[in-house]
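Please look through the sequence and the coordinates below before reading on.

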Amino acid sequence: SQDSRTGAPVSLHPQCLDFKPPFKPQEDLQFCAMYRNFGCCDSAKDQELMAKFYKIMDNFDNYGYANCAGYVQDLLCQECSPYAAHLFDAEDPSTPIRTLPGLCPDYCSQFWLKCRSTITLLSDDLQLAQAEPDQVHFCQHLELEDPDYCYPHLLSNKQLTQNLGHVLADPEGCLQLCLEEVANGLRNPLAMVHANDGTHRFFIAEQVGLVWTYLPDRSKLEKPFLNITKAVLTSPWEGDERGFLGLTFHPNYKYNGKLYVYYSVEIGFDERIRVSEFRVSPGDMNEVDHASERIILEVDEPASNHNGGMVMFADDGYLYIFTGDGGMAGDPFGKYGNAQNKSALLGKVLRINVDDNDRGPLYRIPSDNPFVHERGARPEVYAYGVRNMWRCSVDRGDPLTKEGKGRIFCGDVGQNKFEEIDIIEKGRNYGWRAKEGFSCYDKKLCANSSLDDVLPIYAYPHKMGKSVTGGYVYRGCEYPNLNGMYIFGDFMSGRMMNLQENKNTGQWNYHEICMGIGLTCAFPGLINNYYQYIISFAEDEAGELYFMSTGVPSATSPTGVVYKLVDPSRRAPPRQCHYDPLPVRVKSKLIKFRPKEKAAVVTTTLPQTTTKPPKHTRRKNRRKKGKHRSESGLAPAAAPQSGAVRLAGDEQGRDDRGRVEIFVNGEWGTVCDDLWNMKNAAVVCRQLGFRFALKASKHSEFGEGKSLRILLDDVQCEGTEESLLDCQHTDIGIHNCAHYEDAGVICGNSDYVDA
């Protein structure tokens with residue numbers, strides 16, 4: 001089925017009557033068997049509908065049963081349809097739900113002619129009862145505004161059924177996911193961990209040296225779990241890599257109360273990284289005993305960048321510490337650099353044993369560490385040749401087969417050209433500084449036959465992003481389609497990505513992850529936009545996946561938000577993922593969570609996706625595509641000055657957001673999103689009379705300006721310029737990008753995004 005006016009396919013937005021995605025039932029359905037593979041009913045609901053069916057059909061003789069049983073079953077079972085919300089006109093939670101599904105006119109007239117006597121038994125809707133004597137009136141009442149979704153035609157509509165239950169992808173192959181806001185107002189949140197103690201609390205660390213406790217209902221304790229701000233070395237400079245960098249709980253934390261932190265310190269004139277052990281307070285399970293700190297390890301840092309920062313336990317029970325190469329550029333320390341020098345602790349993956357350390361040494365060397373017998377090598381070294389691994393994780397393994405369990409994934413930040421994802425193995429050399437990604441960096445070292453390095457599973461060029469943020473393999477319960485996907489991001493470009501292993505070839509296949517467009521994220525509580533600077537990823541105690549990002553990458557800017565990743569195409573069956581958190585004794589005041597982020601209504605140059613727009617978008621002021629409004633909402637002036645900007649492409653015609661178009665040398669054109677950031681957005685928003693830039697949008701979030709030339713690329717502003725032309729940029733009209741990278745902005749006069 002297509003829109004007769006545009007030839008566009010109808011939109012895919014499966015949704016149940018509880019406003020959530022459909023699922024595959026755990027047990028076979030007996031009555032509504034047509035939805036046993038994918039739909040909105042579990043076996044309990046199926047039994048309930050069957051009982052209702054028999055109660056209705058008890059009113060009929062054999063002739064009536066033969067004529068009407070099929071119709072009654074069909075109508076009742078549409079509650080199990082993956083498109084139940086559409087059929088019952090329930091997409092908008094503020095409007096009443098229909099008591100009968102929307103029927104196609106031909107089917108409705110047949111039903112009315114044969115079985116109109118069942119209508120009052122199926123529904124207690126007074127309006128339907130009043131319409132029942134008149135076939136035309138009755139069937140008009142059951143018509144849907146969007147005829148693509150009427151029953152039963154939607155069953156034969158390939159556009160609606162062919163990819164049902166699979167993660168949606170746009171024409172470029174970009175997987176469409178949605179988000180749930182979990183926490184906000186954080187200052188560079190760079191770690192979120194759980195204690196694996198059954199309480200399902202999560203602990204979020206800020207770069208300044210504060211760790212906050214959050215309960216399963218997302219309320220935050222007013223008193224911090226840990227506060228070492230006085231000891232932590234950091235600054236408000238954007239991009240400062242020093243600070244509180246890592247946090248992990250001992251596998252037996254529930255019994256020994258131990259946790260480990262990784263942070264920057266200044267001792268005299270020397271900068272160091274420090275790994276310390278703390279214990280939880282015996283009198284308060286939500287506060288660390290600050291006097292319990294024991295320094296496990298300190299390493300001198302020759303420069304203020306490349307401080308590493310990951311600390312975690314793997315499945316073997318040992319503590320893994322990921323150090324940077326010492327900083328500056330090109331690992332210039334010594335003959336081969338720190339990373340290739342096994343007698344240095346920098347540029348390494350270290351593995352130590354911190355069990356039973358209350359007496360004697362604070363840590364011991366595991367007997368199977370790879371270099372314990374190599375002369376001159378530090379015995380803590382587990383793997384080497386790393387530049388600055390930012391965020392690593394342990395794969396929990398497939399929930400059923402445990403395949404992949406224990407693998408350690410890391411993102412290693414590159415130098416000039418490539419970012420990489422590695423799987424860490426014992427004793428292996430990850431190539432730096434001989435190699436960056438798959439390519440040679442130091443040609444002399446690269447040619448050395450003894451290098452014997454392991455290649456990344458994936459590397460990407462700086463055209464896609466300039467600072468990888470490692471993520472997790474999804475192994476949670478709630479979104480079965482995501483199982484096995486390694487989801488990660490890029491701090492600079494804000495790009496979200498995933499890799500999936502091809503079991504036959506061993507190769508990892510790449511897909512970008514986009515925020516859902518159109519109706520994809522039109523579920524209560526879901527949003528489809530995030531702040532650009534992706535700092536870190538996280539896994540909760542149940543295995544669900546989160547990430548942290550910020551609008552201003554400064555240790556003192558409270559613009560950090562934690563988001564939960566959501567697959568809108570399929571969820572787990574109801575109650576399958578249920579767990580009961582252990583009780584938490586709270587002594588501090590609780591701060592209730594209040595979401596601030598709103599969904600962005602996104603338009604692209606994809607065709608119109610429904611025959612008729614859904615009610616809740618039609619009520620808003622829409623405007624024709626191609627018409628541009630300036631800040632005043634009026635058509636632009638006839639002769640703008642060079643450097644003037646306007647916003648285009650917002651489907652609802654709002655003047656505070658859109659694709660950025662600039663007037664240069666007598667023509668309007670677009671701007672590429674290479675290097676597009678909040679400083680650039682601030683220049684545009686201020687030029688248009690707004691106080692704040694709320695988002696620097698990328699990847700043609702507000703559609704592609706294909707009718708215009710691309711006039712600016714590689715724009716770099718300080719944020720104080722009068723126009724984009726005053727910023728650094730390539731020559732006018734010279735670019736190495738395409739319209740799918742058209743830049744946009746969301747501006748405002750308050751500091752939050754309005755939907």
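This is a predicted model: local features need pLDDT of at least 70, side-chain atom pairs count only at pLDDT 80 or more; totals for chains, interfaces and linings use all residues.

Residues are numbered from 1 along each chain as its sequence is written, and side-chain values use heavy atoms, with hydrogens and water left out.

The secondary structure of the protein comes to 12 helices and 34 strands, both taken as DSSP runs numbered from the N terminus (helices are H or I with at least four residues, strands are E with at least two). The radius of gyration, taken over C-alpha atoms, is 29 Å, close to the 27 Å that the globule rule (2.2 Å times the number of residues to the power 0.38) gives for 755 residues, so the protein is as compact as a globular protein of that length. Along the principal axes, the C-alpha atoms fill a box of roughly 95 × 70 × 55 Å. Of the 755 residues, 58% are buried. The accessible surface, from the Shrake-Rupley method with a 1.4 Å probe, comes to about 32,000 Å², and 49% of it belongs to carbon and sulfur atoms.

**A four-stranded open sheet**

An open sheet is formed by four strands in the order β15-β16-β17-β20, with antiparallel pairing; two strands count as paired if DSSP finds at least two bridges between them. β15 (389-394) and β20 (458-461) stand at the edges, and because each has a single partner strand, one side of each is left without a neighbour in the sheet. From one strand to the next the twist averages 15°, with axes given by lines fitted to C-alpha atoms and angles running from 0 to 180 degrees between N-to-C directions.

β15 is joined by four bridges to β16, residues 408-412, where M389 stands opposite D412 and C392 stands opposite C410. On its other pairing, β16 meets β17 (residues 418-424) over five antiparallel bridges, one place being G411, whose bridge partner is I421; these two strands form a hairpin with five residues between them. Five of the five residues of β16 are buried, so this strand is largely enclosed by the rest of the structure. I408, C410 and D412 cover one face, while F409 and G411 lie on the other.

What holds for β26, residues 545-550? Six of its six residues are buried, so β26 is likewise largely enclosed by the rest of the structure, with L545, F547 and S549 on one side and Y546, M548 and T550 on the other. Strand β25 (residues 533-539) is joined to β26 by six antiparallel bridges, and E539 has L545 as its bridge partner. In the hairpin of β25 and β26, which has five residues between the strands, G543 takes a positive phi near 95°. β26 also pairs with β27 (residues 560-566) in the antiparallel sense over four bridges, with S549 opposite V561.

**Backbone details in loops**

Most residues other than glycine have a negative phi, and most peptide bonds are trans. A cis peptide bond joins Y151 and P152, with omega about 5°, and P152 is placed in the loop between α7 (135-142) and α8 (158-161). Another cis bond joins W432 and R433, with omega about 10°, and R433 lies in the loop between β17 and β18 (435-436). N196, in the loop between β2 (189-193) and β3 (202-206), has a positive phi near 55° and counts as partly exposed at 47% relative accessibility. D452, in the loop between α10 (443-446) and β20, has a positive phi near 45° and counts as exposed at 56% relative accessibility.

How values were computed: Buried means under 20% relative accessible area, exposed over 50%, partly exposed in between (1.4 Å probe, protein chains only).
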